[in-house]
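Please keep the sequence and the three-dimensional view at hand while reading.

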Amino acid sequence: MKILATAFAWVLLAGYVLWEILLSSLRVAWEILTPRPRARPGIVRVPLDLEREGQVALLAHLVTLTPGTVTLDATPEGDALYVHVMFLDDVDDAVQGIKDGLEQRVRRVLP
């Protein structure tokens, strides 16, 4: 039964990542195609609740895979990521979006 739960968690993660890639791609494309720039780039520190290196690595890769965000660095302890965000309207919203979205799902697939 645990194998089915883990497999389902991977399917949910993949669906979420694909949805985020689609939305982010549209937002970046709109930014490129419209004459008025709306991007407000910035770098945020995302504190992590992850405990294993594999979890941090997967999260860092998934953040970078999403258009408009790039993982720049991870702390040596693995307790935070530094992420460049193309549309940084609110630091807290950007951090919470990563934590509530990708980090939670990564914890489910790699407990």
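## Basis of the report

The structure is a predicted model, in which local features need pLDDT of at least 70 and side-chain atom pairs count only at pLDDT 80 or more, while totals for chains, interfaces and linings use all residues. Residues are numbered from 1 along each chain as its sequence is written, and side-chain values use heavy atoms, with hydrogens and water left out.

## Salt bridges

Side chains of opposite charge can pair when their charged atoms come close. A salt bridge is defined here as a side-chain nitrogen of Lys or Arg within 4 Å of a carboxyl oxygen of Asp or Glu. A search of the whole structure finds three salt bridges.

One of them joins Arg27 and Asp89, whose closest N and O atoms are 3.7 Å apart. This pair links distant parts of the chain, since Arg27 belongs to helix α1 and Asp89 to the loop between β3 (80-85) and α3 (91-109), 62 residues apart. Helices (H or I, at least four residues) and strands (E, at least two) are DSSP runs, numbered from the N terminus. Are these two partners buried or exposed? The terms follow relative accessible area: buried means under 20%, exposed over 50%, and partly exposed in between, with a 1.4 Å probe and protein chains only. Arg27 counts as partly exposed because its relative accessibility is 42%, and Asp89 is exposed because its relative accessible area is 53%.

Asp49 and Lys99 form a salt bridge between their side chains, at 3.2 Å from N to O. Asp49 lies in the loop between β1 and α2 (53-65) and Lys99 in helix α3, so this pair ties together parts that are 50 residues apart in sequence. Lys99 also forms a salt bridge with Glu103, where the closest N and O atoms are 2.6 Å apart. Both residues of this second pair, Lys99 and Glu103, lie in helix α3, four residues apart, which is about one turn of the helix. Through shared partners, the salt bridges join Asp49, Lys99 and Glu103 into one network.

Which of these residues are buried? Lys99 and Glu103 both are; for Lys99 the relative accessible area is 13%. Asp49, in contrast, counts as partly exposed because its relative accessibility is 44%.

## Strands β2 and β3

Strand β2 (residues 69-74) pairs with β3 in the antiparallel sense over five bridges; two strands pair if DSSP finds at least two bridges between them. The hairpin of β2 and β3 has five residues between the strands, and Gly78 in this hairpin takes a positive phi near 75 degrees.

Thr71 lies in strand β2, and its bridge partner in β3 is Val83. Thr71 counts as buried because its relative accessibility is 18%. A polar atom of the Thr71 side chain lies 3.0 Å from the backbone oxygen of Ala60. Contact means heavy atoms within 4.5 Å. Leaving aside neighbours within four places in sequence, Thr71 is in contact with Ala60, Val63, Thr64, Leu81, Tyr82 and Val83.

Arg45 is placed in strand β1 (residues 42-47) and is partly exposed, with a relative accessible area of 41%. Residues touched by Arg45, not counting those up to four places away in sequence, include Thr75, Asp79 and Tyr82. The side chains of Arg45 and Tyr82 are joined by a polar contact of 3.3 Å. A polar contact is a pair of N or O atoms within 3.5 Å; within protein, one must be able to donate a hydrogen and the other to accept it, and residues adjacent in sequence count only if both atoms are side-chain atoms.

Arg52 lies in the loop between β1 and α2 and is partly exposed, at 40% relative accessible area. Apart from neighbours within four places in sequence, Arg52 is in contact with Leu110 and Pro111. The C-alpha atoms of Arg52 and Asp79 are separated by 9.7 Å, although the two residues are 27 residues apart along the chain.

## A nonpolar surface patch

Trp19, Leu22, Leu23 and Leu26 form a nonpolar patch on the surface, and their accessible area together is about 410 Å². Patches are made of residues with over 30% relative accessible area and no salt bridge; like charges are joined within 9 Å, and nonpolar side chains (Val, Leu, Ile, Met, Phe, Trp, Tyr) within 5 Å. Accessible areas come from the Shrake-Rupley method with a 1.4 Å probe, and for residues only the protein chains shown count as cover. Leu26 lies in helix α1 (residues 2-33) and is exposed, with a relative accessible area of 53%.
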